[in-house]
Amino acid sequence: MSSQGLFQHQALKQVIGPQMQQSLQILQAPAMELQQIIQQEVAVNPVLEVESPEVSIEQTASEDPDSDISNLSRLDEEWREYYARIARSPPLAHPTTRSGIAS
């Protein structure tokens, strides 16, 4: 006896396109490798130009890392207090509702 039936097979496959692969490569690249990637792209593509930054990384480094840590800790505490206060406050009623029924 042969059994006849209709069968359906469904498969899901994720594919990362070339642009997404390039984006992931750039996002994951260390600074030195990123500079090499940029230099290669500039050499290949005559339309691209490299602008030098106005401020170097060394100039942006903080003189006092302890001050940075205390500032971040203070900001963290302020945000925690803000969210705790929001969580305790009652939800606002929508202005177009009366007795829970929209007009």
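Figure 1. Arg80 is exposed, with a relative accessible area of 54%; here buried means under 20% relative accessible area, exposed over 50%, and partly exposed in between (1.4 Å probe, protein chains only). This is a predicted model, in which local features need pLDDT of at least 70 and side-chain atom pairs count only at pLDDT 80 or more, while totals for chains, interfaces and linings use all residues. Residues are numbered from 1 along each chain as its sequence is written, and side-chain values use heavy atoms, with hydrogens and water left out. The side chains of Arg80 and Asp76 meet in a salt bridge, 2.8 Å from N to O. A salt bridge is a side-chain nitrogen of Lys or Arg within 4 Å of a carboxyl oxygen of Asp or Glu. Side chains of opposite charge can pair when their charged atoms come close. Asp76 is partly exposed, at 37%. Because Asp76 and Arg80 are four residues apart in helix 4, they are separated by about one helical turn. Helices (H or I, at least four residues) and strands (E, at least two) are DSSP runs, numbered from the N terminus.

**Figure 2. The salt bridge between Glu78 and Arg74.** The whole structure holds two salt bridges. In the one shown here, the closest N and O atoms of Glu78 and Arg74 are 3.0 Å apart. Both ends are partly exposed, Glu78 at 41% relative accessibility and Arg74 at 43%.

**Figure 3. The aromatic cluster of Trp79, Tyr82 and Tyr83.** These three residues form one aromatic cluster. Rings of Phe, Tyr and Trp (its six-membered ring) pair if their centres lie within 6.5 Å; planes under 30 degrees apart count as stacked, over 60 as edge-to-face and the rest as tilted. Three aromatic pairs are found in the whole structure. The ring centres of Tyr82 and Tyr83 are 5.4 Å apart and their planes lie at 70 degrees, so this pair is edge-to-face. Tyr82 is partly exposed, at 34%, whereas Tyr83 is exposed, at 52%.

**Figure 4. A nonpolar patch on the surface.** Leu72, Leu75, Trp79, Tyr82, Tyr83 and Ile86 form this patch, with about 640 Å² of accessible area together. Patches are made of residues with over 30% relative accessible area and no salt bridge: like charges are joined within 9 Å, nonpolar side chains (Val, Leu, Ile, Met, Phe, Trp, Tyr) within 5 Å. Accessible areas come from the Shrake-Rupley method with a 1.4 Å probe; for residues, only the protein chains shown count as cover. Ile86 lies in helix 4, residues 65-88, and is partly exposed, at 43%.
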